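Please work through the following exercises with the sequence and the model side by side. Each task is followed by a solution that goes step by step.

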Amino acid sequence: MDFTDTTALITGASGGIGAGIARALAARGADVVLVARSADRLDALAAEIRRAHGRDVLVVATDLSTPGAGERVQAALGDRRVDVLVNNAGFGLSGRLADTPDLTRLTAMVTLNCTTLADLTARFLPGMIERRRGAVVNVASMAGYFPAPGLAAYAATKAFVVSLSQAVWAETRGTGVRVAALSPTVTDTGFFDVAGEASGAGMRRRSVEQVVATFFTTLDADRPVVVDGRLNEVGARLARLAPRGAVLRAVGSRFADRVSAR
Ligand SMILES: NC(=O)c1ccc[n+]([C@@H]2O[C@H](COP(=O)([O-])OP(=O)(O)OC[C@H]3O[C@@H](n4cnc5c(N)ncnc54)[C@H](OP(=O)(O)O)[C@@H]3O)[C@@H](O)[C@H]2O)c1
């Protein structure tokens, strides 16, 4: 895809994977809209992008886990169109569901990871379809491919992202618009500061640069779902085919006891 003079909106652009994707899209000629809560970090990235690439940058500092997030983002855009939407903002909660210490955090996670992602997709797709040009990449997770005791609700939100993206990929075939889910695995970002270090302990971390490279592969591939890392792609396929009981035992023994013991 040629990004010259397109506008890309990236949620969760204040750090980690989202900031990496924003930098890379600007380097390829896109104007960018950076969305997250941390205004200071977004402003710093905006200044860096303007300096390095001379692109137009709009910062939208807003909490996407609260009702009305989609409307707030659209209002901030004014008459800018969105050619590339990257629904990347998300966070995880680990531990047994029954031990959730703060139920408002659980609701916020589901709203951010699912509701706002679906809202923004539905909000910006019609314009892309009308122009017969554009792309939506929803950042899911390897955890979206199997039920994950110890990370139950987070994995369920990512299963939602995978399922939604697959179906909308089919709905938009032949429209000139590309819709896909990109599933990172354990990646070296601030994710584990929020989800808990134990949820990524003992696993080799992929770099943001590797995930950004897979982001561009995702845009070029004619597939509804892409998993970052070749071996991980195979793992995701196996996880989908394996009997649920075996998957629950395997994930439970590797993972649930560790995160629940925190
Ligand atoms: N890192 C991994 O191992 C991994 C693996 C699989 C999938 N993923 C997925 O990758 C995506 C990016 O995560 P990351 O690894 O880059 O983690 P990260 O470094 O923690 O970045 C998360 C981004 O989401 C934003 N965000 C969080 N809550 C928000 C809210 N309520 N409203 C608006 N923005 C919010 C954060 O910005 P503010 O705090 O400034 O709002 C930040 O920009 C997430 O969807 C995550 O589930 C990550």
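The residues of the shell around the ligand divide into twelve nonpolar, 16 polar and three charged, where Ala, Val, Leu, Ile, Met, Phe, Trp, Tyr, Cys and Pro count as nonpolar, Asp, Glu, Lys and Arg as charged, and the others, Gly among them, as polar. The model is predicted, and local features need pLDDT of at least 70, side-chain atom pairs count only at pLDDT 80 or more, while totals for chains, interfaces and linings use all residues. Residues are numbered from 1 along each chain as its sequence is written.

**Exercise 1. Describe the surroundings of the ligand, and state which helix gives the most to the shell.**

Begin with the count: 31 residues surround the ligand, and the closest are Gly12, Gly16, Arg37, Ser38 and Gly90; a residue is near a molecule or strand if its C-beta atom, placed from the backbone, lies within 6 Å of it. Next, turn to the helices, which, like the strands, are DSSP runs numbered from the N terminus (H or I, at least four residues, for helices; E, at least two, for strands). Helix H1 (16–27) and helix H6 (191–195) each supply at least two residues of the shell, and H1 gives the most, with three residues.

**Exercise 2. Which residues of H1 and H2 meet, and how do the two helices cross?**

First compare the axes, which are lines fitted to C-alpha atoms, for helices over the stretch in contact, with angles that run from 0 to 180 degrees between N-to-C directions. The axes of H1 and H2 come within 10 Å and cross at roughly 25°. H1 and H2 are therefore roughly parallel to each other, since angles under 35 degrees count as roughly parallel, over 145 as roughly antiparallel, 65 to 115 as roughly perpendicular and the rest as oblique. Then list the contact, in which Ala19, Ala22, Arg23, Ala26 and Ala27 in H1 meet Leu45, Ile49 and His53 in H2, two residues being in contact if their C-beta atoms, placed from the backbone, lie within 7 Å. By class, this contact has six nonpolar, one polar and one charged residues.

**Exercise 3. Determine how H1 packs with helix H7.**

H1 and H7 (residues 208–220) pack at an angle of about 55°, with their axes 9 Å apart, and are therefore oblique to each other. The contact is made by Gly16, Ile17, Gly20, Ile21 and Ala24 of H1 together with Val208, Glu209, Val211, Val212 and Phe215 of H7. Sorted by class, the contact of H1 with H7 has seven nonpolar, two polar and one charged residues.
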